[in-house]
Structure formats: structure tokens, C-alpha cells
Amino acid sequence: MSKKTQEKESGSETNGSPKPTSPNADLKLDFSSFWDYSAAPESSDFIDLKKEYHHYIGGKFVKPKKGRMMKTVNPATEEVIAEFAEGTSEDVNNAVKAARKAYDKTWGKLNGRERGKYIFRLARMIQERSRELAIVESMDGGKPIRESRDVDVPLAAAHFFYYAGWADKLDYAFPGRKAKPLGVCGQIIPWNFPLLMLAWKIAPALATGNTVVLKPAETTPLTALIFAEICNDAGLPDGVVNIVTGAGLTGASIVDHPDVNKIAFTGSTEVGKIIQKALAGTDKKFTLELGGKGPNIVFEDAPLDQTVEGIINAIFFNQGHVCCAGSRLLVQEGIADRLISKLKDRMDTLMVGDPLDKNTDVGAINSKAQFQKINEYLEIGVKEGASMYQSNGSLPQKGYFCRPTIFTDVGQSNRIVQEEIFGPVLTIQTFRTPAEAVDKANNTPYGLAGGVWTDKGSKIFKISQKMQSGVVWANTYNKFDPTSPFGGYKESGVGREGGLQGLYPYVNLD
Ligand code: NAI
Ligand code: MG
């Protein structure tokens, strides 16, 4: 309990007034000062970041001859924490050559059982280095250590374990058919779940017998480079996994390389469209996992307190840098006022701050560019006439931090309702009938994920079937599992990752 609250209580005793007798008399809690925690920082003392990182090509870390170095920043401190190479088309070409050689000479010739052993080993070694990976993920990208430690890293390991299990069972995955690998896969990943997206991409590719060239995002390259060390330590044959760092141009070189057989991309819809155009007319396979504007629908019969927790998790998890975030709340009219009031109270208890503090709920915005983009949307929302409410806790002086924010009084055509903000910003609309909820839910260019909250199972089935979403969570949100497929409709992308379905994009079936 904070000092302020204690003072309030003792104050009421010293001036002689009796303590409130009714349990409801003092119900209005002061959320801005009630919850106070001592700092509980995770130690990063033993993290030994290199000053400079190089590409991992053909089983070696190679210093590029040409091309400049780029800097990666800790968004919570705004300090440069390491430099890494910007991959040129020559680096990409070397990586593709190494991947092709490994495909032809080693990996492509191994049977599924042997491949599985290597992938199981990668999974175990991620677990062994999990503390280091979690800390570096939080330092490089700004997400709270609680999330990188409890979600990102364990799920990344789980993906390798899951797909390791498929490696020698592909005949059962595709009964009566023969699954053949595609060859070399080019994979480009974003900055919101750096290690986890690497796992989503690399695990199924290796399990099915492909080799890969992967490019991490330019603001978060470090855990992919630690993963390269893990590949080395695991004795993975040279060239099976190649990591080339860099930004958009490096990514484009991978997409355009003639000897790449498949492109797997996760990122913005804008870049997804560029990639789709570049691939048109080629025989490269592709999967695109793009943006979203997830509707989270709350019916009057939903259990309110659990729903508030779910709404918080849906939009403030990972600072809202989540393609499937529940960023559009649709509330049935009769409970809207009560729900919003409870939501505001809960928002005020969220701790925004040092990503390495174990108490932190909302960490740093990933980069300066994303921070500016979110702030622009806050201005747009206000200009569009919406009412903005932001949580009132304190923010650190340095670093890119954004208060959890909700907008009410918004219309369906508002930009903040239609466009992906990719930050801790929720819009709230009301509806009267289930049909209106579905209409509003589906009325965006996206279709990645959504949620339904109700006490009635039949309503869950009826509504979720009408939602144009790759994933619909019922009475929960942002639950991930390697066995479960994930992917979008409309401008949210094509193809599925995860589960048995996640094997299809990496094989040709005879
Ligand atoms: P982005 O789409 O530019 O970056 C994602 C990845 O693609 C990065 O590795 C980047 O280097 C690479 N890339 C960029 N241009 C490329 C090109 N022409 N060819 C090949 N690869 C290329 O995303 P950005 O600019 O970092 O974020 C902008 C917005 O995109 C965010 O505000 C958010 O709305 C959305 N986004 C969505 C993500 C998702 O998971 N669906 C992830 C990241 C961003
Ligand atoms: Mg960084």
C-alpha cells in the first residue's frame, strides 16, 4: 500500500472520525496511488553483448566486405546497444548459395528422424539459454521481461519441439501422399516477436527438409543472432540456417533472388503488397502474415471482471505491437458505461516502464519511428472528434513510452477505427444487436483475429462463424499454441502458420 493511502487512513483516525462501517462506503479506490511496488529489476549484468554482429552464412559468422553497419537501440534507454551489418545483395547471394549447397549435399539427404534430432536439440538449447534470450529480447525490443520470459521464449522453444515431432511423421500428416521439401526458403520477420517469429518460420521449414535464409527486423536483430550461435553449438550442418541482417533493401534482395523457392513474410500490409507484386509471375510459393484490426465483441451477458482482464490483455499485451491485437472493442450498449468505467480503473493500475522490471505491465514502444506513428494516431483520433482517456501513472523520463489509451465516441469510418495503429490504443464502439456487432466487426480491410465474450456457448458459435477472422478467441484473448494454425483473411494475408496446416506451405505433395 502506498504512503499516500496510509496517510489517508491514519488521517481519518487522528481527527476522530469513525472508520467507515459499510463495506461500500469507501469503495472508490484511488487507483493512481493505491498500488505501489518496489523495483524488481531482472539483472542484465551477465549479458555480454558484442559490440558488432555479423551475418551467419554457411555455418560461419562472416564480416561483410561491403555494406555499412547499422545500430540497434534499446528503446527504453534510447542507447545504442550493438551494431550489426546491413546485408547487401552479395551477402544475400552468398547465403542463398550456402542454403542451396546444404539442401543438395546434407540436409536434403537426411531422413526425417535425423532432422528431428537436430530440431529437438535446437528446442532444448533455446530452453537452456532462455534467461539470456528473454533479457536480450526485452533490451533490444522493449517488451516487458514478464512477457519475453513467460511467453516469447517458451513458445519459441515449443514451436521447435512441436515441429521436431513432425519431421519423421510427414507420411501421417499427408496420408497416401509423399511430401517433398521445396528447397531454399527466404524468410523475413518483424520486430514485435523477434525470436517467436523466427521459430514460426524456421521450425516448420527445417522439419519438412528445407534450408533457410532469414532476415530479422532492423530494430531487433539480436536474438536471431544468438539463435545463430545456438545452430552452431547444436552442430547443425553448415548452411541449413543462414541469418542475414539488414533492413528493407536486404529483405527485397531475398524476395528477388532467383534461387529462392519460397518466401515467408510477416510484417506490414504495405510491404506484403510489394512482395506479392514482386513474386507475381514467378513460381515461388509464399505466405504473408500481415496487419490486423481485431474486433473484440462483448455481449451483455459476459462476466464483466474477467472481460476487463481480457480486454487489457487483448490490447496492451506487448504494448499493442500485436498483429492480432483486439484493438477495436465492440460493447453491447446496456453495459457500455459500467464496462468502460471498470476498464479505466484497471488501466490506471498498469505499470508502464522499465521492460526489465518484473512488475512492468507495459514496456517501451519498439522504436522512435513507431513511437512517432502512434503519437500521430493519437492526434488524428482527437482531431476526428473522439474522446481520449489515458492511464494516469507515471512514465520514465527517457525512452519511448506511451500510456495505455482508449478512444470513445468514435465512428466506424474514423481512421483510428479502420487503420492499424500497432500501439497501446483501443477504440470503443457500442452495438445493440448481434447482427450490428458482426457488421461492425467485419467492416475493415483486415481479417486476422477477434474475440467474443458471452456467457452463452451458442452465441459464441453463431457469432464466431460470421466473423471474417483467421482466429476467434472466446472468453479469452491472445492465446497461442504451436498446434493451432494462425493466419488471415482479406488484407491480413494468405496462408497459415502453426499446426499441421503450417506444414503445407513448406512442401510439394506427390
Ligand atoms: P515492415 O513491414 O516494413 O517490416 C517488417 C519486415 O519487413 C522487416 O524485417 C523489414 O526489414 C522488412 N522489409 C521492409 N521492406 C521490405 C521490402 N520491400 N521487401 C522485403 N522486406 C522488407 O514494418 P515496419 O515498417 O517496421 O512497421 C510499420 C507498420 O507495419 C507497423 O506500424 C504495423 O502497423 C505493421 N506491422 C505489422 C506486423 C505484423 O506482425 N503484422 C509486424 C510489424 C509491423
Ligand atoms: Mg533494438
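By class, the shell around ligand 1 comprises 13 nonpolar, 8 polar and 4 charged residues. Here Ala, Val, Leu, Ile, Met, Phe, Trp, Tyr, Cys and Pro count as nonpolar, Asp, Glu, Lys and Arg as charged, and the others, Gly among them, as polar. The model is predicted: local features need pLDDT of at least 70, side-chain atom pairs count only at pLDDT 80 or more, and totals for chains, interfaces and linings use all residues. Residues are numbered from 1 along each chain as its sequence is written, while chains are lettered from A and ligands numbered from 1 in the order in which they are written.

Ligand 1 is surrounded by 25 residues. A residue is near a molecule or strand if its C-beta atom, placed from the backbone, lies within 6 Å of it. The closest to ligand 1 are Gly248, Gly251, Gly267, Ser268 and Cys323. Helix 10 (248-256), helix 11 (269-279) and helix 14 (368-383) each give two or more residues to this shell. Helix 10 gives the most, with 4 residues. Helices (H or I, at least four residues) and strands (E, at least two) are DSSP runs, numbered from the N terminus.

Two strands pair if DSSP finds at least two bridges between them. Strand 12 (residues 295-298) pairs with strand 13 (residues 328-332) in the parallel sense, over 4 bridges. Valine 298 stands opposite valine 331 in strand 13. Axes are lines fitted to C-alpha atoms, for helices over the stretch in contact, and angles run from 0 to 180 degrees between N-to-C directions.

A second open sheet has 3 strands in the order 1-5-4, again with mixed pairing. Strand 1 and strand 4 stand at the edges with a single partner strand each, so one side of each lacks a neighbour in the sheet. Strand 1 (residues 52-53) runs parallel to strand 5 (residues 79-85), joined by 2 bridges. Tyrosine 53 has phenylalanine 84 of strand 5 as its bridge partner. Strand 4 (residues 69-74) pairs with strand 5 in the antiparallel sense over 6 bridges. Lysine 71 stands opposite glutamate 83 in strand 5. The hairpin of strand 4 and strand 5 has 4 residues between the strands, and there glutamate 78 takes a positive phi near 65°.

The axes of helix 4 (residues 112-128) and helix 6 (residues 145-166) come within 8 Å and cross at roughly 165°. The two helices are therefore roughly antiparallel (under 35 degrees counts as roughly parallel, over 145 as roughly antiparallel, 65 to 115 as roughly perpendicular and the rest as oblique). By class, their contact has 12 nonpolar, 2 polar and no charged residues.
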